[in-house]
Amino acid sequence: MQNISTYDFAGKRAIVRVDFNVPLNEAFEITDDTRIRAAIPTLKKVLEKGGSLIIMSHLGRPKGPADKFSLRHIIARVEELLGTPVQFADDCQKAQQQAAALKPGDVLLLENLRFYAEEEGKPRGLAEDASEEEKKAAKAAVKESQKAFTKTLASYADCYINDAFGTAHRAHASTALIAEYFPNDKMFGYVMEGEINAIDKVLNAPQHPLTAIIGGAKVSSKIGIIEHLLDRVDNMIIGGGMVYTFRKAQGGSIGDSLFEEDQQETALRILAKAQEKGVKILLSDEVVIADAFDNNANSKIVKNNAIPDGWMGMDAAPSTVEQWKEVLLASKTILWNGPVGVFEMPNFAKGTDAIAEILAEATEKGAFTLVGGGDSVAAVTRMGYADKVSYVSTGGGAMLEYLEGIELPGIKAIRK
Ligand code: AMP
């Protein structure tokens with residue numbers, strides 16, 4: 001594996017997998033260009049060092065070629081941010097001539113990789129009533145044609161850079177399989193490097209005390225990360241909808257709060273494991289409850305194991321946030337994933353917004369703070385704290401899998 005900062009790009013064509021999967025409005029205008037901006041340092045590095053670029057990405061979830069998902073819509077913005085013209089290849093599989101003609105400083109953007117089923121290696125267009133055998137045969141066929149697809153992409157370039165952390169948990173043609181064609185000329189881009197370094201600071205070399213705040217709706221979707229983190233953290237704050245499954249499992253009354261019947265044993269197992277490992281678990285104590293799942297519902301504050309029928313837990317109460325704050329401000333490393341309340345409703349977003357504010361304060365005091373997951377990132381951004389925490393992870397699913405201890409295919413392919 002090579003290092004982007006020291007690699008000699010002079011006269012070389014670099015194929016770079018980026019995450020340009022940006023949101024577009026109905027007029028195909030970009031509504032948030034964060035992901036494009038994030039990739040610019042990597043792209044500029046290649047150009048500054050005398051290389052040329054072949055940029056590849058997916059956009060949305062097309063089932064085949066479709067103008068709605070064309071990367072053509074983002075060319076102007078890439079040109080603007082990169083400060084140089086960008087050529088476009090209408091078909092990512094037919095760009096041989098354009099790639100071969102690239103001169104140092106030139107940039108070629110390939111059309112959406114997911115116009116081809118081979119990018120993901122999953123069959124498309126199968127009849128709903130297809131038999132297991134037909135499904136198996138279709139899968140084998142696309143896996144076979146995926147090899148040629150990957151080889152064609154690889155043939156365009158002399159070196160490969162993966163800078164798409166958001167898809168690093170996928171073993172797709174452009175995110176993982178292509179790396180094998182560049183055994184001595186493959187590397188991470190700066191986005192990937194930043195994400196890996198930030199998560200490693202929490203998982204592998206944290207300054208203690210290390211506190212994780214895990215929120216969100218369901219125990220079942222966070223169990224992997226909670227279990228993996230229990231071996232590492234000193235404190236774990238558990239908030240959001242999942243806390244009620246814990247409280248009910250402990251014998252509390254949770255009214256109509258979110259509840260996963262089949263996760264009660266898991267919740268009790270987590271509490272027992274935490275005790276065994278000396279990890280302090282902080283479940284929200286007092287919560288804001290509402291008489292309907294509605295921003296304008298009636299609300300009041302109660303203990304979260306004494307919620308009356310007809311009411312549901314919606315947010316952490318100020319007294320709970322105060323307890324958490326004390327632990328957070330004494331921490332040297334903090335990881336935050338998942339809102340601690342129904343943060344989409346302004347009346348029940350106060351706990352989540354307060355966490356964003358506390359993390360900014362902890363960062364200022366010298367803690368390393370990592371925020372990941374769409375909702376927590378949205379909260380720090382909305383509150384204007386995105387620049388006031390140490391690192392904001394851009395890869396939702398990829399980050400979660402990394403935190404669960406899973407070796408991501410996109411990382412493994414570069415490292416091996
Ligand atoms: P996740 O995707 O698992 O991180 O969950 C995020 C979702 O959890 C958000 O849409 C929140 O509205 C939701 N959530 C957080 N707290 C609660 C709660 N007390 N009751 C219901 N949903 C919640």
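These legends describe close-up views of one predicted model. In this predicted model, local features need pLDDT of at least 70 and side-chain atom pairs count only at pLDDT 80 or more, while totals for chains, interfaces and linings use all residues. Residues are numbered from 1 along each chain as its sequence is written, and side-chain values use heavy atoms, with hydrogens and water left out.

**View 1. Helix H6 crosses helix H13.**
Helices (H or I, at least four residues) and strands (E, at least two) are DSSP runs, numbered from the N terminus. Two packed helices are described by the angle between their axes and the distance between the axes. H6 spans residues 190-203 and H13 spans residues 396-403. Their axes come within 11 Å and cross at roughly 35°. Axes here are lines fitted to C-alpha atoms, for helices over the stretch in contact, and angles run from 0 to 180 degrees between N-to-C directions. The crossing is right-handed; that is, the near helix is turned clockwise from the far one by less than a right angle. From H6, Ile196, Ile199, Asp200 and Leu203 take part. They meet Met399, Tyr402 and Leu403 of H13. Contact means heavy atoms within 4.5 Å. By class, this contact has 6 nonpolar, no polar and 1 charged residues. Ala, Val, Leu, Ile, Met, Phe, Trp, Tyr, Cys and Pro count as nonpolar, Asp, Glu, Lys and Arg as charged, and the others, Gly among them, as polar.

**View 2. Helix H11 is largely enclosed by the rest of the structure.**
H11 covers residues 350-364. Its 15 residues reach 21 Å from first C-alpha to last, close to the 21 Å expected at 1.5 Å a residue. The expected span is 1.5 Å times one less than the number of residues. Of the 15 residues, 11 are buried, so the helix is largely enclosed. Buried means under 20% relative accessible area, exposed over 50%, and partly exposed in between (1.4 Å probe, protein chains only). Among the buried residues are Gly351, Asp353, Ile355, Ile358 and Leu359. The buried residues pack against strands E8 (210-214), E15 (312-316), E16 (333-337) and E17 (368-372). They also pack against helices H10 (318-329) and H12 (374-382). Gly366 follows H11, with a positive phi near 110°.

**View 3. Helix H7 falls short of the span of a straight helix.**
H7 runs over residues 219-230 and has 12 residues. Its end C-alpha atoms are only 14 Å apart. A straight helix would reach 16 Å at 1.5 Å a residue. Buried residues in H7 include Val219, Lys222, Ile226 and His228.

**View 4. Asn337 makes a polar contact with Lys222.**
Asn337 sits in strand E16. The residue is buried, with a relative accessible area of 2%. Its side chain meets the side chain of Lys222 in a polar contact at 3.0 Å. A polar contact is a pair of N or O atoms within 3.5 Å; within protein, one must be able to donate a hydrogen and the other to accept it, and residues adjacent in sequence count only if both atoms are side-chain atoms. A polar atom of the Asn337 side chain also lies 3.1 Å from the backbone oxygen of Gly372. Beyond four places in sequence, Asn337 touches residues including Ile213, Ile214, Ser376 and Leu400.

Arg17 lies in strand E2 (residues 13-17). Arg17 is buried at 0% relative accessibility. Arg114 is in the loop between strand E5 (107-110) and helix H4 (117-120). Arg114 is buried too, at 7%. Arg114 and His58 are 56 residues apart in sequence, yet 5.7 Å apart in space, C-alpha to C-alpha.

**View 5. Arg35 reaches the backbone of Asn21.**
Arg35 belongs to helix H1 (residues 34-48). Arg35 is partly exposed, at 33%. Its side chain reaches the backbone oxygen of Asn21 at 2.5 Å. Phe20 is 15 residues away in sequence and 5.9 Å away in space, C-alpha to C-alpha. Contacts of Arg35 beyond four places in sequence also include Asp19, Val22 and Thr394.

**View 6. A cis peptide bond joins His208 and Pro209.**
Omega is about 0° at this bond. Pro209 lies in the loop between H6 and E8.
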